[in-house]
Amino acid sequence: MRSKNLFLATVFVFLGLNLSASADTLYLKAGRMIDGLSDRAIDNPVVRIEDGRIAEVGRNNSLAIPGGVDVIDLGNRTILPGLMDAHVHLTSNHDDKGYRGLIVSLPRAAINGVANARKTLMAGFTTVRNVGADGFSDIALRDAINDGDVPGPRLLVSGPTICGTGGHCDNNFLPKEYNAQADGVANGPWAMRAKVRENIKYGADLIKITATGGVFSKGTTVGGRHFTMEELIAVVEEAHLRDLKVAAHAHGTEGIKYAIRAGVDSVEHASMLDGEAIQLAKDHGTFLSMDIYNTEYTLAEGEKTGALPENIEKERQVGTVQRESFRRAVEAGVKVVLGSDAAIYPHGDNGKQLSRMVRFGMTPMQAVKAATSLNAELFGRAQDVGAIEAGRYADIIAVDGDPLDDISILETVPFVMKGGVVYKNE
Ligand SMILES: [Zn+2]
C-alpha cells in the first residue's frame with residue numbers, strides 16, 4: 001500500500017512540476033556539492049537553472065539569489081550530478097531468469113520497462129544505457145520518456161544485442177522444432193554489418209555485442225570466445241562510421257583482448273583480466289564496465305529468480321575473479337565506470353554497486369566520478385550530463401550526509417531532479 005501511495009505522489013509531483021517546468025529561472029542551494037569533476041567537495045553551492053539546463057554554479061555563497069525567483073533550498077544536503085549506469089536491462093525483471101523468460105511477451109517486456117525506468121530514476125539514476133532488448137522495446141521506452149509520457153532516466157539504448165547463432169544473446173532454451181532465434185543473431189561480417197545497420201535504422205543509440213559466452217544464457221561458457229576478429233572489426237567499423245559506440249559483453253580473457261583490439265568502446269563485465277588485458281585497455285582508452293555488485297545477489301537469491309543451476313555455477317566462476325580484476329584495473333588507472341547489469345538484481349538497487357566499488361579499490365570520489373562524469377565520457381555525452389557544470393542539463397540529486405564519508409548513503413536518494421524538473425523530494 002505504501003508503495004502505491006508513493007507511486008501516486010510521485011506521479012503527481014512529476015505531472016505537477018512538469019507543467020511549470022518552463023518557469024524561467026530556478027535556483028537550487030545546498031550545504032555541499034560534489035560536482036562530478038572537481039577532486040574536492042564544495043561548500044554552500046548555489047545553482048542557477050534556466051530552461052532545464054545549468055546556467056551558473058556558485059560556490060561558498062558566491063552567487064547571490066535575486067528576489068522573486070523560485071528557490072529550492074536543500075538545507076545541508078549534499079548535491080551531486082544525477083547518477084549514471086552503463087549497463088541496465090530495463091525491459092527485464094530480476095525474477096524472469098531461465099525458462100521463465102519464455103513467457104514474457106515483447107509488449108509485456110515494454111511495460112516492464114515503464115515500471116523499471118521509474119524505479120531507476122527514483123533511485124537517483126538520471127541517465128542509463130540499456131544494453132540489449134529484443135523487439136526494439138527499449139527504443140519505444142526511450143521515446144515515451146522523451147515525449148514526457150512516462151517518467152524515467154535519459155536512455156541510451158542498443159536495440160537487440162548482436163551475437164552469433166547459439167551465442168549469449170540467442171534464445172537457447174527450446175529444441176530445434178521451435179526454431180526460436182533472438183532478433184540480434186547474425187553470423188559472418190556482412191550479416192553483422194547488416195544487423196548494425198538495421199539497429200540504427202530503428203533507432204539504436206549504441207551497439208551491443210556479446211564477444212564471449214555469459215552467465216545467464218544456456219549452453220555457453222564464460223570463457224568461450226564467440227566472434228572472429230573479422231566479425232568484431234566489421235561491427236566496430238560499421239558502428240563507428242555512424243558515430244555509435246560499441247559495448248562488448250566479455251568475461252573470458254581472450255574474448256576481452258579480441259574486443260579491445262577490434263576497437264570496442266567499452267568491455268562489459270570484463271571479468272577475467274590479466275596484465276596484458278589491463279595494458280590493452282589502457283593503451284586503447286577502452287572503458288571497463290564491471291558489474292561487481294550483482295554476484296552477491298545471484299549467489300544468495302539466484303535459485304528463486306528462475307536461474308538455472310548452470311547460471312549460478314557460472315556466477316561462481318566469475319564473481320570473485322571479477323572483483324580481483326576490478327581492483328587491478330583501478331590500480332592500473334584504467335577507465336572503470338559504473339555498470340551494474342540491473343535486472344540480474346531488482347531495478348532501483350543500482351546504487352548498491354558504489355559501496356562495492358569502494359570496497360574493491362576506488363576512493364569514494366573515484367566511485368562518484370565513475371558513476372557520473374566518466375560515464376558521460378563513455379556515453380559521448382560529456383557536454384550534456386554527468387556533472388554540475390554550466391551548460392549541462394540540470395540532472396541533480398541530493399542526499400543527507402556526505403557520500404565521501406559513507407558512500408552507501410547513495411543507496412537512498414531523497415531528491416531527484418532531471419532537466420530542471422523535480423521528480424522526487426522527500
Ligand atoms: Zn547485461
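Modeller: First, a definition: domain bounds come from an automatic or database domain assignment. Here that assignment gives domain 1 (2-82 + 383-425) and domain 2 (83-350). Their C-alpha centres lie 30 Å apart. The contact between them (heavy atoms within 4.5 Å) takes 18 residues from domain 1 and 16 residues from domain 2.

Biologist: What rules apply to the numbering and the values?

Modeller: Residues are numbered from 1 along each chain as its sequence is written, and side-chain values use heavy atoms, with hydrogens and water left out. This is a predicted model, so local features need pLDDT of at least 70, side-chain atom pairs count only at pLDDT 80 or more, and totals for chains, interfaces and linings use all residues.

Biologist: What pLDDT does the protein chain average?

Modeller: pLDDT is the predictor's confidence in each residue, from 0 to 100. The protein chain averages 93, and 95% of the residues score at least 70. Over residues 1-22 the pLDDT is below 50. That stretch has 16 contacts in the model beyond near neighbours in sequence.

Biologist: What makes a set of residues a nonpolar core?

Modeller: Its members are buried Ala, Val, Leu, Ile, Met, Phe, Trp, Tyr and Cys residues, joined through side-chain atoms within 4.5 Å. Buried means under 20% relative accessible area, exposed over 50%, partly exposed in between (1.4 Å probe, protein chains only). The largest core has 83 residues. Ile207, Ile209, Leu273, Leu288, Phe326 and Val336 touch the most other members. Each of domain 1 and domain 2 gives this core at least three residues. Apart from it lies another core, of 18 residues, among them Met33 and Ile54.

Biologist: Why is helix H3 called mostly covered?

Modeller: Helices are DSSP runs (H or I, at least four residues), and strands are too (E, at least two), numbered from the N terminus. H3 spans residues 137-146, and seven of its ten residues are buried. Ile139 and Leu141 are among them. The cover includes helix H2 (106-122) and strand S9 (125-130).

Biologist: What makes a space a pocket, and which residues lie nearest the centre of the largest pocket?

Modeller: On a 1 Å grid over the protein atoms alone, a pocket is an open set of points where a 1.4 Å probe fits, with protein on both sides within 12 Å along at least five of seven lines. Lining residues have an atom within 4 Å of a point. The largest pocket is lined by 46 residues. Ser92, Gly132, His168, Cys169 and Asp170 lie nearest its centre.
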